[in-house]
Amino acid sequence: MSFIVDSCIMFLLQTIFFGGGWLFFLKILYKNYEVHHSGVLLMFSTTFALSCTMFVLIIFEIIGIMDSSSRYFHWKLQLFVILFVLIVLLPAYIGFFVLSNLRLVPQKPHIQVALTFVSWCVFLYFFWKIGDPFPILSPKHGIFSIEQCIGRVGIIGVTLMAILSGFGAVNYPYTSMFCFIRHVTDAEIQGIEKRLMQTMDMIMLKKKRIAQAKRENLRSAGQKIGGGIWGMLKTVGSPYGGSTENISQLKQEASGLEELSRQLFLETVDLHTTQERMEFSKTFKGKYFNFLGYFFSGYCVWKIFISTVNIIFDRVGKVDPVTRGIEIAVNYLGIQFDVKFWSQQISFILIGIIIVTSIRGLLITLTRFFYAIASSKSSNIIVLCLAQIMGMYFVSSVLLMRMNMPLEYRTIITEVLGELQFNFYHRWFDVIFLVSALSSIGFLYIAHKHASDTIN
């Protein structure tokens, strides 16, 4: 009876998460597009629901909701289903849409199905080969074991997590701290806008001269054809016998001015944005974000330092942060409290914060990425690719989140995920995070220096 009740709870939660993914797809991702394929919507919402359900199972593991056998069953079920979606359904669907948009591919169903199967086999080959260089598995695992799939999904997902984390750890302080905001005056903005208006007037003048020259040339050609020899002689003696303007040169000048106008327009938008950030920084919310910027800049420096130490000394943490903090409080500060109770409560809060921030951060990143590159033809393919990234990201989050849980709570996750080389994934995360963070620092420094030189 308890298994049925637990299954109903899981089904209800999955329905809620599926509806949340459905609404996010329609109201945010596709609000400027028409939904042409309900299958794309179904795949995105299903992936979102499965990903969120795994996070809920982690919280249930800490709190102790549902029977342990029921949790283990649903862990296995969720893992099998999401791996099937990530390795079979989504790649095949992406291949089908890519082939459908190619003009060289015949629009016959049996040919498209055959080519889709071939493209999926190519994906499966490279997906399988990606795990060969990495020590991700125990030697006793068979080729068709679930650990083989989780290990390879983990490599891709952990790499994506580390890249996004490294860039976010550097970019957030840069965009929220006052000290990185350029000082922009109204006179600077008015000067750029004046140059932009003058350039637009010059473009209109050039195009007007081009149109007049073309009209005069057409009039001259019509007189030559319609008047015969007398018309030709009349055209030669007429002051309107064709334009003396160099049309090709005028077009080149107009093209150069249009490129200059685009640069001036972008510069004007950037200056207005910077001025709005200056005004926002004076508000209470802006000061709060500035404080968070200092906090995360300290976190970024600490994370870069600790990642470097972990890489150099091949070090991986054995104790989760909650247990380590409690040990310090009990052994060094002499504080006495119920260790088991507070370990459970603090772990629940910590994991909950990690889950909420992970989901929110990834959805914001996916939305910005979608708006940046999506078009009416490519939107379906991009959404499916984002669903693929989202699923791999969340599976890898569960894999790495295991280290943030006390030993008694991480046991079932270890049993479900299998005997993976968990230490490798943490070292790999540190390496990619360090490369991403340092690259982001270099990129933002060059961009900031270039922007300052442009203003000066």
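I started with phenylalanine 123, which is partly exposed, with a relative accessible area of 26%. A reminder to myself: this is a predicted model.

Next I looked up phenylalanine 127, and this one is buried, at a relative accessible area of 4%. The cut-off I kept at hand is that buried means under 20%, so 4% puts phenylalanine 127 in that class, while 26% leaves phenylalanine 123 partly exposed.

Where do phenylalanine 123 and phenylalanine 127 lie? I found both in helix α4, residues 109-129, four residues apart, or about one turn of the helix.

Then I moved on to phenylalanine 424 and tryptophan 428. Their ring centres are 6.2 Å apart and the planes meet at 20 degrees, so I noted the pair as stacked. Is phenylalanine 424 buried or exposed? Its relative accessibility is 9%, so I put it down as buried.

How many aromatic pairs are there? My tally for the model is 11 aromatic pairs. One of them joins phenylalanine 123 and phenylalanine 127, a stacked pair with 5.7 Å centre to centre and 20 degrees between the planes.

I also jotted down a cluster: Phe55, Tyr393 and Phe394 belong to one aromatic cluster.

Last entry, on a charge and a ring. What sits over the ring of tryptophan 128? I found the charged end of arginine 152 there, 4.5 Å from the ring centre.

Methods. Residues numbered from 1 in each chain as written. Predicted model: local features only at pLDDT ≥ 70, side-chain atom pairs only at ≥ 80, totals over all residues. Heavy atoms only, no water. Phe/Tyr/Trp six-rings, centres within 6.5 Å; stacked < 30°, edge-to-face > 60°. Helix = DSSP H or I, 4+ residues; strand = E, 2+ residues; numbered from the N terminus. Buried < 20%, exposed > 50% of the residue type's maximum accessible area, 1.4 Å probe, protein only. Lys NZ or Arg CZ within 6 Å of the ring centre and 35° of its normal.
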